[in-house]
Number of protein chains: 2
Amino acid sequence: MATDMIRQPLLQESSAPPDQLPIKITPKKRRFRRCRSAPSADTHSDFSPPVGSFPGSERFSGETGPSLRQVVAFLVVYLGTATVCFSVVQNQIGGTKTVGLIDSLYFCIVTMTTVGYGDLVPKSVSAKLIACFFVFTGMALVGFLLSKAANYFVEKQEALLARALRLPGEAQESRVMKEIGANRAKYKFLTTAVFLALLMAVGEVFLWKVEKLSPVDAFYCVCSTITTLGYGDKSFSTLGGRVFAIIWILTSTICLAQFFLYLAEWKTESSQQLLAEWVLNRRMTFVDLEVADMDQDGAVGAAEFIIYKLKEMGKITGEDIAQVMEEFEDLDVDHSGALTPGDLLLSRSSS
Amino acid sequence: MATDMIRQPLLQESSAPPDQLPIKITPKKRRFRRCRSAPSADTHSDFSPPVGSFPGSERFSGETGPSLRQVVAFLVVYLGTATVCFSVVQNQIGGTKTVGLIDSLYFCIVTMTTVGYGDLVPKSVSAKLIACFFVFTGMALVGFLLSKAANYFVEKQEALLARALRLPGEAQESRVMKEIGANRAKYKFLTTAVFLALLMAVGEVFLWKVEKLSPVDAFYCVCSTITTLGYGDKSFSTLGGRVFAIIWILTSTICLAQFFLYLAEWKTESSQQLLAEWVLNRRMTFVDLEVADMDQDGAVGAAEFIIYKLKEMGKITGEDIAQVMEEFEDLDVDHSGALTPGDLLLSRSSS
């Protein structure tokens, strides 16, 4: 018994790799290998799908550099333009003033994040209309910052997928990645929570020690700011305070929004996992078997089973399947119900 | 030639339905039918996936009633509690006052939407802490309202899928639904845009005629409110104005947020469609064929082709496939590489 228990994992892990691959089941005669020696018009020889050559594929390839750089560029252009505009009309903006350029940048940040303390308010028609313009564009930019963060998350997932495709045989590896994938939203949420707590603490201490607010008023101002509420009875009135606020307001408001976003993502992920588990553990019936049997040969192959279950989980839709089926029927030149190298050669010679 | 062109569509549409079904290809011997007469422990005989029996399945079944009702219930409880709390501390809230209960409700709406004019501000420690509590919970509730709207959207999609499953043979029907699906985000965006313009116009006229602001100031106040900026130099100071504001602020701030949300959704949808088109139109190579051939029988069946293409489109991941494959290997008791009624009977007798 004991030797059996020791031998079993060894057998599963090492001695039977070719037919234990998660996506390869029946290792019949591999007559397909021969086609590799046939003359080929292929431009790529990589086994992973060549998604990289899709125009605008930086969003799908796992590269996060360009999009983050894009966001920073947008932000710099926006802040620059807004600061110049508010500097031009600074005499038409009333309230507690410090240094012209800092006030303009501070007013710009308070406006774009929709905090809107009201410690600085536009007094003329032109200043009011400029503020209206910059609050809408600023809102869109903040949304853009948030969605880029979401994209970053998606891209990380894509990178994991890419690695999974490169190591399809290592079941352990795939299990580890499943774990990472399952806890990703939770991990992101917890990271954001820690960062948010840190930002709140920094704001609290700053408002208490530098802006000389009472601890309760400092907390009230922190809450009022990060939620973009901004009643305006407590705000940053010193030069140092405003310099600090420019960085702190932008990071803390976005951090709180991400906190809520990841919380929602975590909940969605959990409920999707619950549904997936339910679908997988649900007992297969004869009716299920008949519905899943796409080619009606009386048996449900691995691929048919995967499609049936993923459809039930809501991961793919009938529309998705129909769209690909159209393409399949076009490619299946000899109408055999399966694509062979012959079909490809036929379609190439006819086109 | 002419008769050929007339005959062809007829042939495709009516005379060959069984093998032209989008998900059924080779109408071989249907020996599987016989299994229906076998004794069955099935509790459901419907051909559509029995997702309805999943606990909490109201979110997946296309029923929108409960979730919307849930949101309304949450909102009523929240507004009731907040109004009572603010009424209790109303002497500790400073600013322009009208009628106690209306002011409390108005202050609650201004706080939960994070508009935060500052025309009413908490003066005591307890009032400030209550405001801090209600702005966080209010923010979460507004996010909940928004996500429920998104869920509603997803559920509509699910309902479409359900209809598609019931009519798998009608290619026309599936094409119509693909059209609806493709333009859904755009349509939602445009509807929201019209509704937002209407809300802005109503607010403009009200602030101009009832609150006696100049047209420019009214516009400035509208922009400052719907974006939740709320500088507070212009706000609702009359009793009638505040009653109006209670409804108008809540609807217009959520409407603007949805406007941005649907705009982003529309853009995502377009880029996903672009990727799907690119994946489908990309020429299949011999390497693709070999990678797609999951069971290595030298030919790529319809189901294998669908999985390969949907994976390339990013609609399913290697993790999704691996998860279902584990279940498949458990069910495939006789290790034939395909599920047959025999496998089900074997697994039932052994469990």
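This is a predicted model: local features need pLDDT of at least 70, side-chain atom pairs count only at pLDDT 80 or more; totals for chains, interfaces and linings use all residues.
Thr114(A) is tucked away: with a relative accessible area of 7%, this residue counts as buried, because the cut-off for buried is under 20%.

**Around Thr114 and Thr228**

One is Thr228(A), at 3.5 Å, and another is Thr228(B), at 3.1 Å.

Now for the neighbours. Setting aside residues up to four places away in sequence, Thr114(A) touches Val135(A), Met139(A) and Thr228(A) in its own chain, plus Thr114(B), Thr227(B), Thr228(B) and Leu229(B) from chain B.

Let's hop over to chain B. Thr114(B) is found in the loop between α4 (100-112) and β2 (120-122) of chain B. Is Thr114(B) buried or exposed? Thr114(B) is buried, at a relative accessible area of 6%.

What about the partner, Thr228(B)? You'll find Thr228(B) in the loop between α7 (215-226) and α8 of chain B. Thr228(B) counts as buried because its relative accessibility is 11%. The side chains of Thr228(B) and Thr114(B) are joined by a polar contact of 3.5 Å. Leaving out neighbours within four places in sequence, Thr228(B) is in contact with Thr114(A) and Thr228(A) from chain A, and with Thr113(B), Thr114(B), Val115(B) and Thr253(B) from chain B.

| Side chain | Partner side chain | Polar contact |
|---|---|---|
| Thr114(A) | Thr228(A) | 3.5 Å |
| Thr114(A) | Thr228(B) | 3.1 Å |
| Thr228(B) | Thr114(B) | 3.5 Å |

**Helix α8 in both chains**

Next up is helix α8.

Where does α8(A) bend? The bend is at Ala245(A), by about 35 degrees. α8(B) bends by about 35 degrees at Ala245(B). At the start of α8(B), a side-chain oxygen of Thr238(B) comes to within 2.9 Å of the backbone nitrogen of Gly241(B).

**What the record says about chain A**

Time to zoom out a bit. An unreviewed UniProt entry lists "transmembrane region" for residues 71-89, 126-146, 187-208 and 243-264 of chain A. How does the model draw them? Let's take two of these stretches. Residues 126-146 of chain A are 100% helix and 0% strand, with end C-alpha atoms 30 Å apart. Residues 243-264 of chain A are also 100% helix and 0% strand, and their end C-alpha atoms are 33 Å apart.

The unreviewed entry also has the UniProt annotation "domain: Potassium channel", covering residues 74-154 and 195-266 of chain A. Over residues 195-266, the chain is 76% helix and 0% strand, and the end C-alpha atoms lie 17 Å apart.

Ser147(A) lies in helix α5 (residues 125-166) of chain A. With 33% relative accessibility, Ser147(A) counts as partly exposed. Ser147(A) and Gln258(A) are 111 residues apart in sequence, yet their C-alpha atoms are 9.6 Å apart in space.

Gln296(A) has a positive phi as well, at about 50 degrees, although this residue is not a glycine. Gln296(A) is in the loop between α9 (286-292) and β3 (300-301) of chain A. Its relative accessible area of 11% makes Gln296(A) buried.

**Chain A as a whole**

How many helices and strands does chain A have? The count is 12 helices and 4 strands. Of its 351 residues, 48% count as buried. Chain A exposes about 16,800 Å², and carbon and sulfur atoms supply 63% of that area. Among contacts between residues at least 6 apart in sequence, 65% join residues at least 24 apart.

Technical notes:
Residues are numbered from 1 along each chain as its sequence is written. Chains are lettered from A and ligands numbered from 1 in the order in which they are written. Side-chain values use heavy atoms; hydrogens and water are left out. UniProt positions are given in the numbering used here, feature names are shortened, and annotations may be inferred rather than shown by experiment. Helices (H or I, at least four residues) and strands (E, at least two) are DSSP runs, numbered from the N terminus. Buried means under 20% relative accessible area, exposed over 50%, partly exposed in between (1.4 Å probe, protein chains only). Contact means heavy atoms within 4.5 Å. Accessible areas come from the Shrake-Rupley method with a 1.4 Å probe; for residues, only the protein chains shown count as cover. The bend at a residue is the angle between axes fitted to the seven residues ending there and the seven starting there. A polar contact is a pair of N or O atoms within 3.5 Å; within protein, one must be able to donate a hydrogen and the other to accept it, and residues adjacent in sequence count only if both atoms are side-chain atoms.
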